[in-house]
Amino acid sequence: VCAADYYITPDGAGKKDGSSWENALAGAELARTVNETMRAGDTLFLGGGVYPDAALQITAGGEAGKPKRLTGVERGGSWPVFSSSWKIDQPSKGGTAIRLGPGVSCLQISHLRIRGYRTGVSAPTDKEKGRRDLLFEDVDVEQFEYGFYLSHCDDMILRQCDLKRYAKHGFRFEEGCDRVKLLQCTADCSEADPAWETKTEVFPFGFSLNDGGSPNTAFLFEECRSKNNMKSNQKNRYPNGDGFVVEGNSSDVTFHRCISIRNQDGGFDLKPPVSLRDCIALGNKRNFRIWRKGELDNCLGAYSRDASLWVKEEGKAAGTYCTFYDDNKTAVRAEPKADVTLT
């Protein structure tokens, strides 16, 4: 009942006190409003238009049951857009659009566009305080090196976030993220643009659970899509580029109705035990790569350049009601001592 609403536009209006659209705050007041003015349970409405070189470092979140909300509103034919000048020719140079500070929790950000930053949303390593109860909904990022680069974020939902035109990784969970749901999110590295694919960095990934520190656990990917993670001119002995990557120290990872299309190596490159149901992989070098243990239920792999199902040496895979179609070399490639059961 006591929560407040604030309004902000790129240039502001009227009294610029944030009390209404007619008196909207100016974009330059964004960080101060979020961190100093807003209290737990308050909502900031971001009006449509371009916020040039916006760099929002959030240092104060909400409270349990009373999240802070940043909600974009379409006005004048545009959603709010944080825009900067990152270029694919210098991928490691550029700023961060949104950065979550230590302990920032109970935060919801929705209906926002981010364009031309090195990193769209960053949550650096935070082992002492951690972050929890986070929601990103319809936060789209394009032209960047890293879209979401997150550590120590628990009980988090990313819903309908669409990423495209990146140099390295779309969604990267660096370490210590637990109980995370990715729902109807997409990552499209190049949009099948041959010129872009000569400029991406090595190992372009759409969705990546890294193993650089404390494990990432309890992840659900549902109706997510990853495409065109390619670097056509890489000179590595084993050219790499994957749709979905789960590294070895992650656990409790599930995929439902996810799709991976036209990636340089793996459609799904999965090192720990995983479960996949109703998933599709098309036109990758190896559509489903199982390193330790994988259960595939009603999955489709087709048009691979090597194999639809690849199982690592001494790995174990069980496929039930799966379809492998028109692969260039073989439907299933099992390394020595691999255990593969197809029903």
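D5 stands opposite T43 in strand β3, where strands are DSSP runs of E with at least two residues, numbered from the N terminus. This is a predicted model, in which local features need pLDDT of at least 70 and side-chain atom pairs count only at pLDDT 80 or more, while totals for chains, interfaces and linings use all residues. Residues are numbered from 1 along each chain as its sequence is written, and side-chain values use heavy atoms, with hydrogens and water left out.

Strand β1 (residues 5-9) pairs with β3 (residues 43-47) in the parallel sense over 4 bridges; two strands pair if DSSP finds at least two bridges between them. The pairing of β1 with β2 (residues 25-26) is also parallel, over 2 bridges, and T9 stands opposite A26 in β2. Because 4 of the 5 residues of β1 are buried, this strand is largely enclosed by the rest of the structure. Buried means under 20% relative accessible area, exposed over 50%, and partly exposed in between (1.4 Å probe, protein chains only).

The largest nonpolar core has 69 residues, and those touching the most other members are F82, I98, F136, F148, F171, F173 and F255. Such a core is a set of buried Ala, Val, Leu, Ile, Met, Phe, Trp, Tyr and Cys residues joined through side-chain atoms within 4.5 Å. Leaving aside neighbours within four places in sequence, F171 is in contact (heavy atoms within 4.5 Å) with residues including F148, L158, L163 and F207.

Salt bridges are the next topic. The count comes to 25 salt bridges, each a side-chain nitrogen of Lys or Arg within 4 Å of a carboxyl oxygen of Asp or Glu. Three of them are listed here.

| Pair | Closest N and O atoms |
|---|---|
| R159 and E137 | 3.6 Å |
| E222 and R257 | 4.0 Å |
| D269 and R289 | 3.4 Å |

For R159 and E137, the salt bridge links strand β11 (residues 153-159) to strand β10, with the two residues 22 apart. R159 is partly exposed, with a relative accessible area of 26%.

In the salt bridge of E222 with R257, E222 lies in strand β16 (residues 217-222) and R257 in the loop between β19 (251-256) and β20 (259-261), so the pair ties together parts that are 35 residues apart in sequence. E222 is partly exposed at 24%, and R257 is partly exposed at 34%.

D269 and R289 form a salt bridge between strands β21 (residues 266-270) and β24 (residues 286-290), 20 residues apart. Both D269 and R289 are buried. Salt bridges that share partners join E247, D265, D269, K271 and R289 into one network.
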